Amino acid sequence: MNSFADSSQRPIDRWFAHYSGDHRNATNQLIHVICVPAILWSVIALLWCIPAPGTWFRAGFWAGMAMLATALFYYRASRKLGLGMVVVFMLMGLLTRWLHDSYGTRTLLALGIGVFVVAWIGQFIGHSKLYEGKRPSFFTDLTYLLIGPAWVLAKLYRKLGWSY
């Protein structure tokens with residue numbers, strides 16, 4: 001691809017092209033389809049456990065703020081992906097609220113930490129010499145920590161025949 005083609009692509013397409021280049025192995029891709037959403041949920045769960053300021057806000061305030069800011073990032077990159085990520089965040093937020101209300105902050109915190117650790121182990125196994133043999137993309141740019149969830153959602157969109 002020449003430099004003119006690169007400049008005519010949307011930024012999200014350039015992010016995905018680079019991210020996809022680091023995720024060519026089918027097993028690593030499958031690991032990412034499972035582990036990236038798990039990591040995303042675990043971060044939401046961990047943020048949910050941070051006490052809300054004052055008395056006006058409820059548990060989950062910080063998770064809500066992070067989901068809003070991140071949804072705006074995705075919406076700016078692609079309206080269709082941004083709206084899809086809003087749906088993902090709503091579902092993950094509802095699950096997290098139910099877990100918090102049903103089992104309490106301590107259990108949610110333990111579950112969030114456990115899922116976070118196990119999912120990252122999975123990610124690094126996928127990038128090991130067993131499968132991909134390449135360093136994770138976020139080692140070159142931390143923005144790829146945000147690109148991963150959108151990349152997984154874009155894979156779902158393509159499978160459903162939807163554009164993003």
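Let me begin with the surface, where V43, L109, I113, F116, V117, I121, I125, L130 and Y131 form a nonpolar patch whose accessible area comes to about 750 Å² together. Please keep in mind throughout that what we have on the screen is a predicted model.

Which helix gives the most to the nonpolar patch? That is helix 6, spanning residues 105-127, which contributes 6 residues.

Over residues 81-100 the chain is 100% helix and 0% strand, with the end C-alpha atoms 28 Å apart. Over residues 56-74 the chain is 74% helix and 0% strand, and here the end C-alpha atoms are again 28 Å apart.

Within helix 4, which covers residues 61-77, we find L72, and this leucine counts as exposed because its relative accessibility of 54% is over the 50% limit. If you follow the chain from L72 to L83, you pass along 11 residues, and the C-alpha atoms of the two are separated by 9.3 Å.

Let me turn to the charged side chains. How many salt bridges does the model contain? The count comes to 2, and I will take them in chain order.

In one of them, the side chains of R10 and D13 meet with a nitrogen-to-oxygen distance of 3.0 Å. The two partners fall into separate classes of accessibility: R10 counts as partly exposed, at 34% relative accessibility, whereas D13 is buried, since its relative accessible area of 18% is under 20%.

In the other, R97 pairs with D101, and the closest N and O atoms are 3.5 Å apart. These two residues are separated by about one helical turn, because they sit 4 residues apart in helix 5, residues 79-103. R97 counts as partly exposed, at 36% relative accessibility, while D101, with a relative accessible area of 53%, is exposed.

That is where I will stop, and I am glad to take your questions.

Conventions. Residues are numbered from 1 along each chain as its sequence is written. This is a predicted model: local features need pLDDT of at least 70, side-chain atom pairs count only at pLDDT 80 or more; totals for chains, interfaces and linings use all residues. Side-chain values use heavy atoms; hydrogens and water are left out. Patches are made of residues with over 30% relative accessible area and no salt bridge: like charges are joined within 9 Å, nonpolar side chains (Val, Leu, Ile, Met, Phe, Trp, Tyr) within 5 Å. Accessible areas come from the Shrake-Rupley method with a 1.4 Å probe; for residues, only the protein chains shown count as cover. A salt bridge is a side-chain nitrogen of Lys or Arg within 4 Å of a carboxyl oxygen of Asp or Glu. Buried means under 20% relative accessible area, exposed over 50%, partly exposed in between (1.4 Å probe, protein chains only).
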